[in-house]
Every structure is written in structure tokens, then in C-alpha cells.
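Please read them with the coordinates open.

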Amino acid sequence: MSHVAAEITSQPETWRRAVDLVARPGVAQALPQPGERVAVVGCGTSYFMAQSFAALRESAGQGETDAFAASEFPAGRRYDRVVAITRSGTTTEVIRLLEQLPPGSRSTVLTTDADRPVTRLVSDCVVLDFADEQSVVQTRFATTALAVWRAGLGADLTETIDQARAQLGTPLDPAVVGRDQFTFLGTGWTVGVAHEAALKLREAAQMWAESYPAMEFRHGPISVVNHRSVVWIFGPVVPGLLDDLAATGAMVVHEDIDAMAHLTTAQRLAVELAVRRGLHPDQPRLLTRSVVLTAPVA
């Protein structure tokens with residue numbers, strides 16, 4: 001079994017540990033407090049989780065929350081707290097952003113090791129060492145960080161964890177595995193999940209995979225979907241979408257379960273497609289565990 005396959009399977013347990021972690025007073029205080037104006041930043045997978053973080057917090061009425069790719073953070077905008085997500089704790093764009101925050105800024109990092117460069121630049125740190133990974137391709141760290149955030153917002157993840165265990169025990173649909181174009185759709189917080197699912201297929205299996213907010217899909221992207229396509233929907237199905245998809249001939253994948261649990265199946269799909277194409281899912285093309293830049297960013 002590849003490292004990434006084992007890490008995917010371990011997610012229900014790391015989510016359970018995330019819920020226990022949030023119950024500790026110090027961790028709860030490290031997360032944004034109600035009413036704070038917050039920016040959440042990350043790169044790659046962590047940026048997509050930041051999008052989900054922001055949507056979840058705003059929908060919970062906790063305060064204005066924006067998400068940015070770390071390289072695109074608006075330096076002139078002021079926030080009560082900046083939250084950074086970084087598995088490695090060494091990502092160049094995240095470190096540069098935190099170094100440039102005004103003195104006295106409140107900041108929190110979610111990472112895997114307290115002894116990382118990024119932890120010396122923040123006021124608060126949430127360490128998910130039990131969710132660290134050997135694979136370059138991120139799976140459980142990202143979803144465990146999302147579990148921490150959701151639990152911190154008061155969500156009960158018991159059913160989500162049970163659903164994930166059920167998904168992990170269900171064989172992949174051969175009809176899905178046999179397709180060669182994949183589009184992932186989401187609404188609200190599941191838009192970030194959709195982006196993450198598509199990234200897994202691109203990283204691990206070098207597949208053509210796209211992702212969009214569900215309502216945006218009809219504004220152009222639907223034109224390339226056909227009988228060779230899978231359209232995978234996370235969260236609620238927007239009215240009229242299934243009728244539109246029926247005309248394309250695409251296979252639709254949707255389950256009435258939590259998007260985080262459903263993401264585990266998309267992760268497994270990425271691994272299966274990689275193996276079928278003769279690729280090593282732990283060693284994606286041109287990627288490393290952390291992007292550390294040596295040249296200055298213009």
C-alpha cells in the first residue's frame with residue numbers, strides 16, 4: 001500500500017483526535033474568537049481548505065472571514081487575526097506573509113510540528129502532529145485541519161466520521177474509474193472541497209480534472225462535458241442542475257452525506273487512477289512536500 005493510500009484510510013481516526021484536541025482550552029483560544037475579522041491563508045491544498053474555513057465561519061455567524069492564496073494576500077488590509085495553514089511549516093509564501101504582518105498582529109498557524117520556522121512567527125499554534133504525512137500528496141492533514149475548524153465552530157462530527165468509515169469500506173464504482181474527464185462541483189464551504197478533489201486527481205494521477213462553484217458551472221464549463229465525463233457534486237444539488245447534466249451524457253456522482261466524508265472517496269479515486277496509469281501516487285510529477293523558493297518573489 002502506498003503512503004497516501006494508508007493516510008487516506010486513517011482519516012476517521014485523525015478527525016476523532018482533532019475533535020478531542022479542540023476540547024482543550026488552549027487550542028480553543030488559539031482559534032479565531034467570535035466577532036474577530038479573520039483572513040485564512042494557505043498554498044495549494046491549504047488554500048482550498050482556507051476557502052472552506054472562511055465559508056464555514058461566516059455561515060456560522062462568527063464574523064467576516066476571507067480566504068487568500070498566501071502569495072496574493074492584500075498586505076494593506078487589516079485583520080484582527082490571520083490564520084495560516086501549512087503542513088510543512090516551511091512554505092516560502094506563508095513565511096513571507098507572516099514576516100510582513102504589522103508588529104503585535106494576532107496570528108495562528110495550523111501545522112504538523114511545533115519546531116518549524118512558521119511557528120516562531122505567530123502568536124498561536126495548533127499542532128496536528130498526528131495528521132502528518134509521508135506522501136507528497138496531501139490528504140489527511142488537510143481534512144484534519146478542516147475537522148479542527150469545524151469542531152471549533154461547534155459542529156458535531158460524529159456522523160461525518162461514521163460516514164467516512166462507511167465510504168472507505170465501499171469499493172470504487174468501476175464506471176467512475178473508467179472515465180477520463182472529471183469535474184467537481186460544490187456550494188458554500190464545499191467549493192473548497194471540490195477544488196481539493198480535482199487537485200488530488202491532477203497531482204496523483206495526472207488526470208484532466210476541473211472544479212467550480214456549482215452555479216458557475218453552467219456559465220461555460222458545462223460545454224466540454226460529455227459521455228466520457230464524471231460530474232461529482234459535493235453538498236446539496238442546486239435546482240435544475242441535474243436536468244442540465246442529463247443533456248450532456250455525463251455520469252453524475254452525488255451522495256447525501258457530508259462532503260468531507262465524500263472527499264475520501266475522491267481521494268481513493270485519485271490513487272486508483274494513478275495506479276492504473278502506471279504512476280506512483282506518493283511521487284507526483286514535479287512536486288515536493290514543501291515549496292521553498294530560493295529566488296525573491298517579484
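**Notes on the predicted model**

1. Leaving aside neighbours within four places in sequence, Q267 is in contact with I8, Q11, T139, T143 and K200, where contact means heavy atoms within 4.5 Å. Q267 sits in helix α11. Its relative accessible area is 2%, so Q267 is buried; buried means under 20% relative accessible area, exposed over 50%, and partly exposed in between, with a 1.4 Å probe and protein chains only.

2. On the basis of these notes: this is a predicted model, in which local features need pLDDT of at least 70 and side-chain atom pairs count only at pLDDT 80 or more, while totals for chains, interfaces and linings use all residues. Residues are numbered from 1 along each chain as its sequence is written, and side-chain values use heavy atoms, with hydrogens and water left out.

3. Overall content and dimensions. The protein has 11 helices and nine strands; helices (H or I, at least four residues) and strands (E, at least two) are DSSP runs, numbered from the N terminus. The C-alpha trace spans about 55 × 45 × 40 Å along its principal axes. For 298 residues a compact globule would have a radius of gyration near 19 Å, and the protein agrees with this at 19 Å. That radius is taken over C-alpha atoms, and the globule rule is 2.2 Å times the number of residues to the power 0.38. Of the 298 residues, 54% are buried. Among contacts with a separation of 6 or more, 72% are between residues 24 or more positions apart.

4. The α6/α11 pair. How do the axes of helix α6 and helix α11 cross? The axes of α6 (residues 140-152) and α11 (residues 259-276) come within 11 Å and cross at roughly 175°. The two helices are therefore roughly antiparallel to each other. Axes are lines fitted to C-alpha atoms, for helices over the stretch in contact, with angles from 0 to 180 degrees between N-to-C directions. Angles under 35 degrees count as roughly parallel, over 145 as roughly antiparallel, 65 to 115 as roughly perpendicular and the rest as oblique.

5. Residues at that contact. From α6, T143, L146, A147 and R150 meet M260, L263 and Q267 of α11. By class, the contact has four nonpolar, two polar and one charged residues. Here Ala, Val, Leu, Ile, Met, Phe, Trp, Tyr, Cys and Pro count as nonpolar, Asp, Glu, Lys and Arg as charged, and the others, Gly among them, as polar.

6. M260. This residue of helix α11 is buried at 0% relative accessibility. Beyond residues up to four places away in sequence, M260 touches W15, T143, L146, A147, R150, T160 and W189. M260 and Q163 are 97 residues apart in sequence, and their C-alpha atoms are 9.2 Å apart in space.

7. S52. Helix α4 (residues 45-59) holds S52, which is buried with a relative accessible area of 0%. Not counting residues up to four places away in sequence, S52 touches L146, W189, G192 and V193.

8. Nonpolar cores. The largest nonpolar core has 65 residues, and those with the most contacts inside it are F182, F184 and F234. Helix α11 gives the largest share of this core, 10 residues. A second, separate core of 15 residues includes F73, A84, L97 and V109. A nonpolar core is a set of buried Ala, Val, Leu, Ile, Met, Phe, Trp, Tyr and Cys residues joined through side-chain atoms within 4.5 Å.

9. S107. Strand β4 (residues 106-111) contains S107, and at 2% relative accessibility S107 is buried. Leaving out residues up to four places away in sequence, S107 touches R81, V82, L98, L101, L121, V122, S123 and D124.

10. Two loop residues. R77 lies in the loop between β2 (65-69) and β3 (81-85) and is partly exposed, with a relative accessible area of 38%. Apart from neighbours within four places in sequence, R77 is in contact with R37, D66 and F68. Q206 lies in the loop between α9 (190-205) and β7 (208-213) and is partly exposed at 40% relative accessibility. Q206 is not a glycine, yet has a positive phi of about 55°. Most residues other than glycine have a negative phi.
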